[in-house]
Amino acid sequence: MALKLSLKPNEKLIINGAVIANTDRRSTIIVHNKASILREKDIIKEEDVNTPAKRIYFPVMLMYMDGFQNKYYDEFAIRMTEFMSVISTAEAIANCVEISKFVMDKNFYKALINCKKLIKFETERMGKLNNDD
């Protein structure tokens, strides 16, 4: 089954490591085979990796784009271990376990989806901590 992507004007995406940029008009592309695709909104630049959850997302994103490479996996494992050692929320722990399972199964896209939930959890928690001041 083909994947149909509607691109906003000037939107970028990555397909199998190649950066694709749309022109100044809305357009549609169709991908007919399996490919690693990330929209611009799902790409985190290295300089924006500034929270524990984003430190988990980033190596998973790189594994998705570049394949399962030990250097990315090792970074993921370190960051996930650090994160899990300081959280106690059952839902967040379950999400971390699920992310780890997806990574081990090389289902990086699903891992990224769950990492976004982790980033949202982290953002909400940090907001609550800041509001308690």
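Author: A polar contact is a pair of N or O atoms within 3.5 Å; within protein, one atom must be able to donate a hydrogen and the other to accept it, and residues adjacent in sequence count only if both atoms are side-chain atoms. This is a predicted model, in which local features need pLDDT of at least 70 and side-chain atom pairs count only at pLDDT 80 or more, while totals for chains, interfaces and linings use all residues. Residues are numbered from 1 along each chain as its sequence is written, and side-chain values use heavy atoms, with hydrogens and water left out.

Reader: With which side chain does the side chain of E11 make a polar contact?

Author: The partner is the side chain of R39, at 2.9 Å. E11 itself sits in the loop between β1 (3-7) and β2 (12-15), where strands (E, at least two residues) and helices (H or I, at least four) are DSSP runs numbered from the N terminus.

Reader: Is E11 buried or exposed?

Author: Buried means under 20% relative accessible area, exposed over 50%, and partly exposed in between, with a 1.4 Å probe and protein chains only. E11 counts as buried because its relative accessibility is 10%. If its neighbours within four places in sequence are left aside, E11 is in contact (heavy atoms within 4.5 Å) with S6, I20, A21, N22, R39 and E40.

Reader: How should I read a nonpolar core, and which residues have the most contacts inside the largest one?

Author: A nonpolar core is a set of buried Ala, Val, Leu, Ile, Met, Phe, Trp, Tyr and Cys residues joined through side-chain atoms within 4.5 Å. The largest has 31 residues, and those with the most contacts inside it are V60, F76, F83, I99 and V103. Two or more residues come from each of α1 (52-66), α2 (70-86), α3 (90-104) and α4 (108-131), and α1 gives the most, with 10 residues.

Reader: And how is a pair of aromatic rings described?

Author: The description uses the distance of the centres and the angle of the planes. Rings of Phe, Tyr and Trp (its six-membered ring) pair if their centres lie within 6.5 Å; planes under 30 degrees apart count as stacked, over 60 as edge-to-face and the rest as tilted. The structure holds 2 such pairs. The rings of Y64 and Y109 have centres 5.8 Å apart and planes at 50 degrees, so this pair is tilted. Y64 in helix α1 and Y109 in helix α4 are 45 residues apart, and their pair links distant parts of the chain.
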